[in-house]
Every structure is written in C-alpha cells, then in structure tokens.
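Subject: Structure for you to look at

Hello,

I am passing on the structure we talked about. Please open it first, then read the notes below alongside it.

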Amino acid sequence: MMSKRNILLFMLPGGLLFALFALYPLAGALKLAFYDYNVFSAPAFAGLGNFREMLSNANFWNAGKNSLLYLIVTPVLASASLLVAVLVNRKMRGINFFRTAYFIPVVIPMVIAGITWKLILSDDIGALNRLLTSMHLIKEPVYWMTGADLAIFSVMFVTFWKGIGYYMVMFLTGLQNIPSNLYESAQVDGATDFYAFRRITLPLLKPYILLVLILSSTAAIKVFDEVYVMTAGGPLRKSETLIYYMYANALNDFPPRIGFACAVGAVIFFLAAAIAVLNKFVLSEK
Amino acid sequence: MASLIGLLLLAAGPIAWVIYTSATDFNGHLTLANYAGAWRDANISRYLFNSLVVTGLTVFLSLLFCSLFAYPMALMDFKGKKAVSFILMATFFVPWEMTFVPLFSVCVKMGLDNSLWGVILPSCVGAMGIIFLMDAYKSIPKSLFESARIDGLSEFAIWYKVALPLIRPSLAGLAIITFVTSWSLFMWPLIILRESSNYTLTVGLSYLSGLFSANLKFLAAGSIIACLPSVALFLALQKHFISGLVKGAVKG
C-alpha cells in the first residue's frame, strides 16, 4: 500500500493542472452567469437578469431553434454509419482498404474540413456548382452557404461527412462482438437478411446505438468549428447555433457581454446533459 | 460493390480535389509551386512548427500527468477517492467554451497569454485520459505488485518499472487520441494566441481563408500540409488508433 504522502505526490501535478485550468474556470463561469461583466469594469451582480433577458431575446431563440434543427444530423449520422458498418463488416478481399478510406475524414482537423468544403461549395468558383453546371443539371449557381435556407444544412453536411467514419468504427466493434453462430442458425431457419438484421443485429447493438446517439447529439449541440469557418452564423443568423451565439456575445460584440455568454453556456450544459439522459431513457424503455 | 465505391467517392473525393487543386497551376499543369508558396509566403512553415511543439508537448505531458494521477486512483484506497471520481465524471458534460473567459484571465495572470504554453497546459489533463488509464492499471494482475513489493521496490519504482511497461498499449492509444485532438484544437488557440507568429496550423489556415486576397491554391496546399501528420499517424498505427478510440468513448 502507498503512504498518504506518496498518493498525494502522484496526484499533485495532474490534480493541480486540472483544478487550475478546468475546475476553477468552470466555477468562475457558472458564477459569472449571474453577473453583468464586460471586462472593462468590475462584475456587477445581476441575479437571474441574464437568464431573464435570454428568454426575451429573439436572437437567443433563433440560435436555440437552429441548435435543435442541427440535432437532425444525429439520427441521420447514426443510421448512415450503422449501414456503412454493416456494409464493411464482411470478409472480402480489400475490405480493409475501404474501412481505412472511410475513416480518414475523422483524423482531418474540423477546421480544415470546413475550409475544404467551403471551397467546394462556394457560389461562383466552387467545384460543386461548376460540376453541376457542366453536367447541365443547374443553370444558375446554387447558394449552398449564402442562401438563407440552405446554409445550415451545408454546415450539417460537413459534420456528417467528418463523423460517419468515427461512428462506423463504434458500430463495427459492436458488430464484431455478435457471435456469428446466431446468424448461421437464423439462416438455417430460413430467415431473410433483413429479418436477421432486425431481430439479431439491432437488439444486440443497443448499447452501441445508445453510445453513438449520446456522442453525436452532444457534439451536435456543441457544434462550433464548422459554423465558424463556413458561414460565421450567417446569412442573417440563419446558421447561428447556441455555441456560436455564446461566442458572438462574448467576443464579437462590443462591449463584450461575458456574464450573458456564460449564462448561455450554462443553458447549453443543461441541454447537453438533458439530451444524453433523454437518449438513455428512451432507449432503455424499449 | 457499387455502394462501397460510391462511399469512397464521398469520403475521399473532396480530399482528392484539394490535392489536385494544390498540385496544379491555373492551367492544370502539375506543379509544386503552391507548396513552396504556402510554405514561404503564407507562413505555413511557422504554423506547422507551432503545431508540432504544441501537440508534442501536450502528448508527453498528458501521458505523464494522467498516468501518475490514475495510478493511485485505480489501485489504492484513500479518503476522497469517490469524490474525485465523481468530479471527473461530471466534467464530461461541460461545454468547455463557456469557461474560456475565466480561463483566459487565469492564463493572463500566469503570463501564458499569447504563448504556446497557454494552449498546452490547459489541454494536457482531462477526465478521459485519467479514466482510460485507470482502466488499464486495473487489468494488471495484483500478484505482480505484491512480488515487486516483496523485492523491496519503492512505490515510484513499481509504477515506473512494473506498471507503466504493462499498460504500454493503452498509453499508445491515449497518445494517438491526444495527438489528433490537440492537432485539431481550434477555438481556444484562436482566443489565446494573438500574434500570427504564434498561430497553430488550424488557426493560421482559418485566418488565411478569411483574408479577402486569399490564394486558393496556397490554401489548398496548406490544408494538405495540415492534414498529413495526423493522416500519416493514423495509417501507421491503425490498430492502436481504432481500439484506443473505441475504448476511450466507451469508458468516457
């Protein structure tokens, strides 16, 4: 057994860094949510003022609506990556090449992915519009990122593109844990592939489905990088999500509204936790 | 087969297009001029150097501090252990961006603003790494520790000579995940690094892409340079990478 002094010595460096750079700022942020603070003068206690103002602020509701809309990406990602996992979970020569290729977007920094897709989707010089024009599918350029209705979906597509390989790997691990004799006996009984998928694969994958839904919905509610590089919340705040709204209040507005931004952060925190709990609840009910 | 190839086009098509854009001139002839230009004129070499410093030190310190912290957490009983693991678990749901303003003032007070240390120190200890390594320590057979103690090794020597070599696969997994996470960091470096000579690749490239005069070909070349290290690492260490990623997510 270790002495108390030794335990302390082992935990001190990491504990100190974690307290100083994670816990202390977190406590500070939760406190600031109840203050008015603009960096230039001392924080002034505001009680629930920030939260009250948030509720009556149209831009907050707009960002909240966009963040909820963004959650559409979660079920789409989960089902698409499950299908891809099933597709590559077979013994076939060269299948590893496809698995590897599908995974590559995951290790590309999101900012680079965002910049790349921004170049592909831009109105006039973008590769996609040029391709579609040369195939005579469109006459006018499509405003993928500057069109008010399309912008948020273009950003969502990048989240989808980069996430699919990650969740594919999660599902692949789950699929490989399913004993193959289950499928063999189902085949002997004359079950179709679809029946086997519904009755064997889906129930046994449930913990992995839950994991993927929690991970992808938490990520969707916290989305920032792709919004920042692709649309900066525009046009007309049509792709401004909650985290971007928080960022804009704290760092784009002048004077900055730090307390208000921290209050938005607290709301995002509860939203993320609530969505995770909801996922768990709904999936363990069935 | 058709669907496999269709998906390949979706996943790799954009990357192939960026590679093509970066390696051709405006007439479609192959050239490396864009790489040379990005490297020299767009300061990519500087950004790359900064990213390598940040990521290298973050990986090293993260392995060191997390493996030290996780050791007594996994193997010893002491007062307050339950409270510490509860706090670690609770931090999983925090949107860390909300802490950036108080974190910024901590960094300013310590003189870390506009310095690479201001990126490294806040990102080298996290709940994920600690819990990941606690799990690895727990899988070591207890008898090995006992015989090491009978041999009279000090607790530090047992950690260093017995435990660490046995959890090497997990350390490798954590190293790779930390590498990719740190390499991709964006919002915090964007806030804490003010001078462009301190920018990391992600911040530098987003700055470049926002310039009105941005040269697309340079941007494409810079993007490829920014992707190469993590893609190469992934290709070289696929097995460790994927098992580490899945274990980290399941435990986290």
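This is a predicted model: local features need pLDDT of at least 70, side-chain atom pairs count only at pLDDT 80 or more; totals for chains, interfaces and linings use all residues.

**What was found**

Leaving out residues up to four places away in sequence, A:N89 touches A:L172, A:L175 and A:Q176.

A:N89 sits in the loop between helix 4 (73–88) and helix 5 (95–107) of chain A. Between A:N89 and A:I104, which are 15 residues apart along the chain, the C-alpha atoms are separated by 18 Å.

**Chain A as a whole**

Chain A holds 13 helices and two strands. The C-alpha trace of chain A spans about 75 × 75 × 35 Å along its principal axes. Of the 286 residues in chain A, 44% are buried. Taking the contacts in chain A between residues at least 6 apart in sequence, 71% join residues at least 24 apart.

**Where the chains meet**

On the chain B side, 57 residues are in contact with 65 residues of chain A. Two or more residues each come from helix 1 (2–22), helix 3 (44–75), helix 5 (100–109), helix 10 (168–184), helix 12 (201–210), helix 13 (216–236) and helix 14 (238–251) of chain B. Helix 1 of chain B gives the most, with 10 residues. By type, the chain B side that touches chain A divides into 45 nonpolar, 10 polar and two charged residues.

**The nonpolar core**

The largest nonpolar core has 164 residues, and the members that touch the most other members are A:F171, A:V212, A:V264, A:I268, B:A70 and B:L133. Helix 8 (residues 151–176) of chain A supplies the largest share of this core, 14 residues. As for B:A70, leaving aside neighbours within four places in sequence, B:A70 is in contact with B:I130, B:L133, B:M134 and B:Y137.

**Helices of chain B**

How do helix 12 and helix 13 of chain B run relative to each other, and at what angle do their axes cross? Their axes come within 11 Å and cross at roughly 165 degrees. Angles over 145 degrees count as roughly antiparallel, and the two helices are therefore roughly antiparallel to each other. Helix 12 of chain B passes helix 13 of chain B in a left-handed crossing. On the helix 12 side the contact is made by B:L201, B:L205, B:L208 and B:S209, which meet B:L219, B:G222, B:S223 and B:A226 in helix 13 of chain B. The residues of this contact divide into five nonpolar, three polar and no charged.

Two other helices of chain B can be read one after the other. In helix 5 of chain B, the buried residues include B:F100, B:V101, B:P102, B:L103, B:F104 and B:C107. B:G111 follows helix 5 of chain B and has a positive phi, near 70 degrees. Helix 8 (residues 142–150) of chain B is hardly covered, and the count of buried residues among its nine residues is zero. Just after helix 8 of chain B, B:G152 takes a positive phi of about 85 degrees.

Regards

How values were computed. Residues are numbered from 1 along each chain as its sequence is written. Chains are lettered from A and ligands numbered from 1 in the order in which they are written. Two residues are in contact if their C-beta atoms, placed from the backbone, lie within 7 Å. Helices (H or I, at least four residues) and strands (E, at least two) are DSSP runs, numbered from the N terminus. Ala, Val, Leu, Ile, Met, Phe, Trp, Tyr, Cys and Pro count as nonpolar, Asp, Glu, Lys and Arg as charged, and the others, Gly among them, as polar. A residue is buried if 20 or more other C-beta atoms lie within 10 Å of its own, exposed if 12 or fewer, and partly exposed in between; C-beta atoms are placed from the backbone. Axes are lines fitted to C-alpha atoms, for helices over the stretch in contact, and angles run from 0 to 180 degrees between N-to-C directions. Angles under 35 degrees count as roughly parallel, over 145 as roughly antiparallel, 65 to 115 as roughly perpendicular and the rest as oblique. A crossing is left-handed if the near helix is turned anticlockwise from the far one by less than a right angle, and right-handed if clockwise. A nonpolar core is a set of buried Ala, Val, Leu, Ile, Met, Phe, Trp, Tyr and Cys residues joined through C-beta atoms within 7 Å.
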